[in-house]
Amino acid sequence: MITYIDKEWTDKELNKILCDPVEKWFKNKYGKFCKTQRRGLMNIQSRKNTLISAPTGSGKTMTAFLSILNELTDNAMKGNLKDKIYCVYSSPLKALNRDIQFNLTEPLKEIEEIVREDYGIDKLGIRVLVRSGDTTAKEKAQMLKEPPHILITTPESLAIVLSSIKFKEHLTDVDWLIIDEIHSLAENKRGVHMSLSVERLERLCGHMTRIGLSATISPLMEIGRYLAGYKSVDNGRASGNISTSMEERDCDIVDVKFIKEMDLKVVSPVDNIINVKFNVIQSKTFELLHKYIQDHRTTIIFTNTRSGTERVVDSLKDLYPKDYSEENIGAHHGSLSKEYRETLEGRLREGKMKCVVSSTSLELGIDIGFVDLVILLGSPKSVARALQRTGRSGHQIKSVSKGRIIVTDRDDLVECSVLLKCAMEHKIDRIHIPRNCLDVLTQHIVGIAVDQKISIDDLYGLIRSSYCFRNLEYNDFMEVLRFLAGEYVSLEERHIYAKIWLDEEERMIGRRGRMSRVIYMTNIGTIPEQTGIIVKIANQPIGTIEEDFLEKLKPGDIFVLGGSTYEFRYAKGQVAYVNTTVGRPPTVPSWYSEMLPLSYDLACEIGKFRRLMSGRFCQDHNPSEIKKFINEYLYVDERAVNAIYQYFREQFDYRTIPSDRRIIIEHYTDDKGRYVIFHSMFGRRVNDVLSRAVAFAVSRRFHRDVDMGINDNGFYIRADSKADILSAFRMLRSDELRKVVENAVDKTETLKRRFRHCASRALMILRSYKGHTKWVGRRQVDSMILLSAVRRISQDFVILKEARREVLEDLMDVNNAINVLKGIEDDVIKVEEIFTNVPSPFAFNLLIQGNTDILKMEDKHDFLKRMHRMVLAKIYLEKSKESSHGKIDSNHDTFDYDEYFDNELDDIGSEYLIEKFSVTARKVGLDAMNVHEGRRFLSGERDGFKDGFINWLKGLIDGDAPEIWDEDVIKYFKDHAGEL
């Protein structure tokens, strides 16, 4: 049973459970117990499974270790300290392991000094050692002779020692297991792998107390179940297809994640994001960054991409050379060497760094010393991540976590403002925990089999005691065993041999072959190896791209490399083959693979805010009432209120506002084709599913290939006029969506790459064998051949099935996409169509994103300004028409469109009309001379027109202009033709 602990024990009560030296040391060091310790310490002392959720610097690590240090000290003083491992501590970071070793060694020295002075005992002899991939053979040998009392390790190293013949003897009586940063483990396959290792350790030692340490995360009940696991209520027996009954183990949750005071704000470097020139925004952004950095002792700046991290560091050095140098500012991300990162972390701890800029690598809880400000450049895409990042500031219990989120466009402003509201109101987005990962299961079964013979029933019960496998289907379990036992003989042609023996009559399994242990030990783990992809035209290399980026490409996609555009054809191994292309806009921006996806829960909160805003506009609330609502709902300042109000006002005036309960399908055509824009505010992972399903339906029904673009706010499909995209969308059904998307991704690079990852985890493709390491490119070629082989065996072969599950559930979000379709089917979510000549304001960023690689940032900003002005022009013309027919009150809106056009009518009107004239002229095939003359006329010139143009214009006006001509252009020609 999972329960919350609200009781707080007094300092007097807690002091009683500590032995005298530890109590004295604690009082000297800390004075009194913190809130986290008053709630959690007695629980751990009582040997109860405990999950502690608290921000960085709130005392949770000492809460976890204090009872353990106390018992070890007491045993040592009484001469009862055994040569065994009492506590296993595991974290996902080697750097964090080094910190923990240091942070335990120092207290033990100080306690030992007290024992020496007060009791005359010279040495306690409590050993704290780290075992990871960096541990030398000599150190490992020493651990066998003298095991550490506290073993600090990583998930991968824990799995190795569980199958080590000699070392596992030291794990047969473990009392405590501590899993740190459990939130970062649970959301990926390392966490799935860890959950099975924990259950194997539990089986080995009989019973142990599990302690989980987590930063801000939700839902805590699920993390509690993940930590504690399940136990069999019928002794782990299963017969045939009869499932073992499981029930959750007890776990107490200590939730003090909002104990620290937060000072969080969303800020913009300029008053008006949309109408200011890009160079002004850029200059003001770095001015603001510089001011924040100089006003604080140490600042961490988080960007969302590695390239952005490097750009910020270089720009600050260039703009303020007197204030920043290699000595006081640096970049920190995963592409930098371990040595460089460790040096930077050391200088940060010592207080020698004024500023460090990071992508995501400093989010986890390594000790980085005193940081008094965290700046987020752009949205962190989830509330939990925002709180984890800002929690890096104020690293003491009583300190304030101070964070500033800097935004530079209107979508970001809305997103971050809603994120801030959720953070202030403690609404944390839910974590996604992968389940039933058959590749991880395969690897662990080999690890168990090389260690012992085990009955199938006991093995099934053991596996299902993991939270991640509690619903594992028996058929899938048996298919994994049969694959490992070599029952698919055709796989031997691909050098995949049996690794276990399986006796289904006796219901037993065991190790097969002497090499099984070596293969397992040298290929353990879940993190896929990545490498650069060489891009070639024929056999001519032209550059490289990242493997994550290649995953997103499908044949026909356009991308930018080295300033030129290329069309992706296919990939083979680690080579992508392309053709040159001219005049076609990119469909996949280069930063796509780096960007964090918006969480589904936060996306829905943004959609809810849109719905509330739409309701107020529809009910004709006056501007002051709507602005008051924004201010009270979002906790933002007046500058942000005005910007958000104006953004929504323009969208509403132009057409309508999409929301969590209203998907707007916008039809828009330009010279590049016909766009169907889906305003679906559900996050990129859901939109990835929906867009692929729609594109697949279009290709199947109309035999047309389409271009796609997606972001967190929606997606678009671009196709010719013969493809009825809306009807294809309406064909989708919630109960069929998973199968449709499986078919859509079946031939993609995404599935091919993910299959390699899964096959590697399942030990089908080995990275290391008999001392030789196989290059990633060779493994990819092998995996593509292997993929064809397993397809011939079965389209539901267990590892292929897992690759599909990983793509659909972990990379994408098919389950919430299904919920969206159910909402449409149940009429909870409305679907509406609109037709536009200029894309609506909410569509701007989606349509431009592919072009960000060929546009300079200032050109992108100018494009957005121009589109914004064209929308205002369109609104003005519409309002003028309605006003002339007495349909609207010209004082309806505080934004005075008339005044705006009095100031800028010529410029904006000409931009808008020229754009529409050019698009229509291409459609009707107007000759180049008349196009040129028409553009001159619309731009305000009134002299020197050729007779041919004048005659053409008279014919257009006097006759019935074809309906294909834009009505605003025709109206302008009619109103001004007399001037000729």
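A helix axis here is a line fitted to C-alpha atoms over the stretch in contact. Keep in mind that this is a predicted model.

With that in hand, take helix H7 (residues 155-162) and helix H9 (residues 189-205): their axes come within 9 Å and cross at roughly 35°. The crossing of H7 and H9 is left-handed. On the H7 side, the contact involves Pro-155, Glu-156, Leu-158, Ala-159 and Leu-162, while H9 brings in Arg-190, His-193, Met-194, Ser-197, Arg-200, Leu-201 and Leu-204. Sorted by class, that makes seven nonpolar, two polar and three charged residues.

Now for the cores. The largest nonpolar core has 132 residues, and Ile-445, Phe-477, Leu-481, Ile-509 and Met-764 have the most contacts inside it. Helix H24 (residues 684-702) supplies the largest share of this core, 10 residues. Leu-481 touches, among others, Ile-456, Leu-459, Ile-500 and Leu-502, leaving aside residues up to four places away in sequence. Another core, of 55 residues, lies apart from the largest one and includes Phe-302, Leu-344, Phe-617 and Ala-640.

How confident is the predictor? The protein chain averages a pLDDT of 85, and 89% of the residues score at least 70.

| Helix | Mean pLDDT |
|---|---|
| H33 (residues 897-924) | 60, the lowest |
| H30 (residues 814-825) | 97, the highest |

Residues 235-242 have pLDDT below 50, with 18 contacts in the model beyond near neighbours in sequence. Over residues 852-858 pLDDT also stays under 50, and the model has 14 contacts for them beyond four places in sequence. Where pLDDT is low, predicted coordinates should not be read in detail.

Terms used. Residues numbered from 1 in each chain as written. Predicted model: local features only at pLDDT ≥ 70, side-chain atom pairs only at ≥ 80, totals over all residues. Heavy atoms only, no water. Axes fitted to C-alpha atoms, helices over the stretch in contact; angles between N-to-C directions. Helix = DSSP H or I, 4+ residues; strand = E, 2+ residues; numbered from the N terminus. Left-handed = near helix turned anticlockwise from the far one by under 90°. Contact = heavy atoms within 4.5 Å. Nonpolar A, V, L, I, M, F, W, Y, C, P; charged D, E, K, R; others polar. Core = buried A, V, L, I, M, F, W, Y, C linked by side-chain atoms within 4.5 Å. Buried < 20%, exposed > 50% of the residue type's maximum accessible area, 1.4 Å probe, protein only. pLDDT = per-residue confidence, 0-100.
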